[in-house]
Amino acid sequence: MQGNDQVHSWTLVTSQALDTAWRVVKGSVTLAVSLLAAILSYFRRLHMHLGHQLKWWIGYLQRRFKRNLSVEAEVDLLSYCAREWKGETPHAKLMRKAYEELFWRRHIKCVRQVRRDNYDALRSVLFQIFSRGLAFPSWMKEKDIVKLPEKLLFSQGCNWIQQYSFGPEKYTGSNVFGKLRKCVELLKTQWTEFSGIKDYHKRGSMCNILFSDALLECKLYEALKFIMLYQVTEVYEQMKTKKVIPSLFRLLFTRETSSDPLSFMMNHLNSVGDTCGLEQIDMFILGYSLEVKIKVFRLFKFNSRDFEVCYPEESLREWPEISLLTENDRHYHIPVF
C-alpha cells in the first residue's frame, strides 16, 4: 500500500514537473515566435520604406537628369506625333500627314526632342556633328581658330567686334576677345575629342554629359555664332576686292539689316540665343561655315516644294549631311533614320 502511494506520488510530481516544463517551453516558444514575427514585420516595413525611398530618389534623379538633358533620347516618331498633334483641326491633320510621310517614305523611325530655346538650331546641328564624330571643316584645319578673334581686330581692323553680345548675357566690352577666345578654344577642344573617338556608344555617352551642362553649351553656341561672323567678314572682304562670292552671301548683303558684317552682327547675330533663333539665311551661313549640308524637313510646308530644303542648296564639295525637322521654322528636332 505504501509502495503504491510512493508510485502515485512520483507520478504526480513527474506530471507536474512535465506540465510546468511544457508551460515554460510553450511560453518560450510563443515568446520566440512572437519576437520573430515582430522582427519579420519590422524588416518587412523597413524593406517597404527603403523601397519607396529608393524609388523616389531614382525618380527624382531621372527627372532631374531628363530636365537638364537638352537633347532627349530617341522616341518613336509616330507615337510622338500622336501625342503632340491630337484633334481634327486642318493644321493637326496636316502635321500628322507630314509625320507619316517621314515615317513611311523617308524612313525616319524616331525623333530626338531638342530643348526649345533660341539656341536649338545650333544645338541640333552641333549635337549631330559630335555624336557622329565628324571631322573639322577643311578651312579650320588650315587655321588656328582660337586666334580668329584677335585676327579680326588686328589684321582686319574690326574693332566694332567689341559690341558682340553673348546671347542672354548681353556682354560687351574690351574683354570680348578674351571671352570669344575661350569659347572658340572650347569648341576646338571638344570637336577634336569627339572626332577622335571611334566608338559610337562612347560618343553618345559623352554627348549626354556635354549636352546636360548649360554653361558649356552656351559657350559652344557662342563659338559657332562667332565662326559664322568670321566667315561673313571674310566673304565681305572678298566681295570688296571684286572676287566671286557664293550666292547666299550676295543675298545676305543685299538686305538693309545685314549689308555688312557689323550690321549683320548687331541686327541678327547678337539676338541669337537671347530673343530669337537662326533665320533661314543664317542656316545657310551655318552650313557653309561648318561645311555640312543641313537638310531640314519643314513639316508645316507639307505637300509643297518647300517641304524639304537644304542649307546651303549647293555645297561646294561632298559635305556631310545633317538632318533636322521643324514644325514652324523656329524650333528644331533631330530625326533618326
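Select Arg123. Leaving aside residues up to four places away in sequence, Arg123 touches Ser70, Val71, Val114, Arg115, Asp117, Phe211, Glu217 and Tyr221; contact here means heavy atoms within 4.5 Å. The model is predicted, so local features need pLDDT of at least 70 and side-chain atom pairs count only at pLDDT 80 or more, while totals for chains, interfaces and linings use all residues. Residues are numbered from 1 along each chain as its sequence is written, and side-chain values use heavy atoms, with hydrogens and water left out.

Arg123 lies in helix α4. Helices (H or I, at least four residues) and strands (E, at least two) are DSSP runs numbered from the N terminus. Is Arg123 buried or exposed? Arg123 counts as buried because its relative accessibility is 2%; buried means under 20% relative accessible area, exposed over 50%, and partly exposed in between, with a 1.4 Å probe and protein chains only.

**The whole chain**

Zoom out and colour by secondary structure. The chain has twelve helices and six strands. Of its 337 residues, 42% count as buried. Now consider contacts between residues at least 6 apart in sequence: 73% of these join residues at least 24 apart. The chain exposes about 19,100 Å² (Shrake-Rupley, 1.4 Å probe), and 57% of that area is supplied by carbon and sulfur atoms.

**Gln113 in strand β2**

Select Gln113, which sits in strand β2, residues 110-114. Gln113 is buried, as its relative accessible area is 18%. What does the side chain of Gln113 make a polar contact with? Its partner is the side chain of Arg83, at 3.3 Å. A polar contact is a pair of N or O atoms within 3.5 Å; within protein, one must be able to donate a hydrogen and the other to accept it, and residues adjacent in sequence count only if both atoms are side-chain atoms.

Show the other neighbours. Apart from residues up to four places away in sequence, Gln113 touches Ser70, Val71, Glu72, Tyr80, Arg83 and His333. Draw a line from Gln113 to His333: the two are 220 residues apart in sequence, yet 5.1 Å apart in space, C-alpha to C-alpha.

**The largest pocket**

Rolling a probe the size of a water molecule over the atoms shows where empty space is left. A pocket is an open set of points, on a 1 Å grid over the protein atoms alone, where a 1.4 Å probe fits, with protein on both sides within 12 Å along at least five of seven lines; lining residues have an atom within 4 Å of a point.

Select Glu74, Arg112, Phe127, Ser131 and Tyr200, which lie nearest the centre of the largest pocket among its 23 lining residues. The volume of this pocket is about 400 Å³, taken as the space filled by probe spheres set on the points, with grid points joined across faces, edges and corners.

Which elements each supply at least two lining residues? They are β1 (71-76), α4 (120-132), α8 (200-210), β5 (321-326) and β6 (332-336). Helix α8 gives the largest share, six residues. By type, the lining has eleven nonpolar residues (Ala, Val, Leu, Ile, Met, Phe, Trp, Tyr, Cys and Pro), five charged (Asp, Glu, Lys and Arg) and seven polar (the others, Gly among them).

Select Ile197, in the loop between α7 (176-195) and α8. Ile197 counts as buried because its relative accessibility is 12%. With residues up to four places away in sequence left out, Ile197 touches Lys202, Arg203 and Met206. From Ile197 to Arg132 is 65 residues in sequence and 9.5 Å in space, C-alpha to C-alpha.

**Helix α12**

Go to residues 280-290, helix α12, where ten of the eleven residues are buried. Among them are Ile281, Asp282, Met283 and Phe284. Just after α12, Glu291 takes a positive phi of about 55 degrees.

**Backbone stops**

Select His107, in the loop between α3 (90-104) and β2. His107 is not a glycine, but has a positive phi of about 60 degrees.

Move to Lys242, between α9 (214-240) and α10 (247-254) in a loop. Its phi is also positive, near 70 degrees, in a residue other than glycine. Lys242 counts as exposed because its relative accessibility is 75%.

Finish at Pro312, in the loop between β4 (308-311) and β5. The peptide bond from Tyr311 to Pro312 is cis, with omega near -10 degrees.
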